[in-house]
Amino acid sequence: MVQKLLVKGNEAVSEAGIRAGCRLFFGYPITPSSEIIEYMARRLPEVGGQMVQSESEVSAVYMMLGAAAAGERVMTGTSGCGFSLMQEGMSFLAAYHLPVVVVDVSRHGPALGNLDPSQGDYFQMTRGGGHGDYYTFVLAPSGVQEAADLTALSFDLADKYRMQAIIAMDGVLGQMMEPVEFRDPPALELPAKDWATRGKGNGPKHDATGYTLDPVVSEQRAVAMADKYDLVRATEQRWEAFETADADLVVVAYGTAGRIAKAAVHMAREQGQKVGLIRPITLWPFAAKPIEAVAQTAKGFLVAEMNIGQMVEDVRLAVNGKAPVWHHRTLGGLMPTAEELAERIRLLVGEVSTHE
Amino acid sequence: MNETAGKPVFTPTEGMTGKPLHYCPGCSHGIIHRVIAEVLAELGVLGRTVGIGPVGCASFCEQYFNIDWVGAAHGRAPAVATGVRRAVPEAVVFTYQGDGDLAAIGIAEAIHAAMRGEKITTIFVNNAIYGMTGGQMAPTTLVGMKTSTTPYGRIAAEHGQPLDIPKLFAEIPGAAYVASGSTDSPKAVLQTKKYIRRAFETQMAGQGYSIVSVLANCPTNWGMTPVQSMAWIRQELMPHFTMGELKVPANLEPAKGGRPE
């Protein structure tokens, strides 16, 4: 019989990280992510690992950079201002092609905002939140089981492509408890870390750096990054599609909002409305493929987000003018209710029908 | 006839790659690079050393050291070094940081690495000015000293007093070895080399954080010849910063002539 544990989302990502081979965690406490650093402080010594509580998130990200450069699987968890403070280092990690896993248990902002769940970090996560020209993996679970599964997967994706992976949690996903079965992701063939800076021994030296004043070298490096991102866009988009085949209206929502939207779509289907859901699981690479496909037949899209309208831009790019795209926003750290989304769906299904 | 004729008077150290340095003529970065490389070669640890670079004139110094290297963002070298150290317990890890890198933007990372007693070594290069960006004020700029951001001279009431890094770090319990040397003369360079060796020995003995402050020159931004700049280190910088060995672990005898003045 499969063992299931009743754990918080923050504990699930922590344990999944440890089971994926993470033995070093660097972080700074911030609500609503602090159970992660506490879990790691308790659990890592039991498996021969270490948790280092840094003096700031700025420092934490560079501790990760050092350990990742040395070839170790490393992880941090943060939220809000802490995630902002890490962005300088995220830019360096990208330039150095270093794999790390960052859990962002996002809370309402800007500034300190409040401690409640939000999807306000979408742009910061999906646009390369630091300076310069780069992307990171962004994986968005909508429940505690999926948070564990995606964390396990994220370490393999990070190692395979030598990229950072962000787990896009929020205050609800981090704090709520659900039964979880910890399981290994499908085995990926991973490249050897022959670039690791652990001391050169008798071989040639390794440098983890990203600085040159030669624009020709800079261009070569930038092209290598761009080619990698193109490959990831082509091969690593993930999503859940629900009842989209005959849908007149397609709801697009991720994470907590995606979970609530699914309940709303169920309610609408019970009323006989032709509604479907696309729930992007990868926010970067954005799950554009299923949206491009369904835009051939759907008459309209509704994007439900807990922010002022961020992912809606990616949906509009994917729909590319083929159908109207509406936005349903929930702000201030609040969540939409399934009933309110079902009502919005009912009105919009009526509207797209009149356009026939 | 010169009795040294036919005999080598200089041998490159295997600790350096041999790539020509990019520094300005007369700059002491090259001297400091060389003594670090010599110490690592003499200790026989080139194969298990990881250097962490700064942002400043030494941003590109990975190409000169024949060891593994990680470049840090401005001021973050002690955090990067912490990550490498925790990942590779058998490695010898050091940071190479200037006065802006360590004493301004990276003071939090540096102090907390020392506070944790992180088993790393920091070589702190203090020339009292920002070299790479073109001669702006550093936290160690002397009062009255003109820089491009203190065109009327550093004013204590407005900019504060220069920070005496070795003195500050000697107060931190996790800092096991703290020394302050110079590059103004061959004798001073040899003394500094001794400090650097003892700093690495402190790390390798697992005794905690070690830091060697090295007073350096900047002929370009000081507007001096290299010879004038060395005299200026002696006359102006050395009186303002605590010199010598400030803190020595119990098992190490203080170096000869290494007592604080």
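How many bridges join S4(A) to strand S5 (residues 101–106) of chain A? This is a predicted model, in which local features need pLDDT of at least 70 and side-chain atom pairs count only at pLDDT 80 or more, while totals for chains, interfaces and linings use all residues. Residues are numbered from 1 along each chain as its sequence is written, and chains are lettered from A and ligands numbered from 1 in the order in which they are written.

Four bridges join S4(A) to S5(A), and these two strands run parallel; strands here are DSSP runs of E with at least two residues, helices are runs of H or I with at least four, and both are numbered from the N terminus. Within this pairing, for which DSSP must find at least two bridges between the strands, Thr78(A) stands opposite Asp104(A) in S5(A). Strand S2 (residues 24–27) of chain A also pairs with S4(A) in the parallel sense, over two bridges, and Phe25(A) has Met75(A) in S4(A) as its bridge partner.

Strand S4 (residues 74–78) of chain A has five of its five residues buried, where buried requires 20 or more other C-beta atoms within 10 Å of the residue's own, the C-beta atoms being placed from the backbone. In a regular strand the side chains alternate between the two faces of the sheet. In S4(A) both faces are covered, with Val74(A), Thr76(A) and Thr78(A) buried on one side and Met75(A) and Gly77(A) buried on the other.

Turning to helices, the axes of H3 (residues 57–69) and H5 (residues 87–95) of chain A come within 8 Å and cross at roughly 20 degrees, the axes being lines fitted to C-alpha atoms over the stretch in contact and the angles running from 0 to 180 degrees between N-to-C directions. That angle makes H3(A) roughly parallel to H5(A), a label given to angles under 35 degrees. Among the residues of H3(A) that meet H5(A) are Val61(A) and Leu65(A), and the H5(A) side includes Phe92(A) and Leu93(A); contact means that C-beta atoms, placed from the backbone, lie within 7 Å.

Between the chains, the contact takes 29 residues from chain B and 33 residues from chain A. On the side of chain B that touches chain A, the largest share, eight residues, comes from H2(B). Strand S9 (residues 207–208) of chain A pairs with S2(B) in the parallel sense over two bridges, and there Ala208(A) has Val70(B) as its bridge partner.

Notes. Angles under 35 degrees count as roughly parallel, over 145 as roughly antiparallel, 65 to 115 as roughly perpendicular and the rest as oblique. Two residues are in contact if their C-beta atoms, placed from the backbone, lie within 7 Å. A residue is buried if 20 or more other C-beta atoms lie within 10 Å of its own, exposed if 12 or fewer, and partly exposed in between; C-beta atoms are placed from the backbone.
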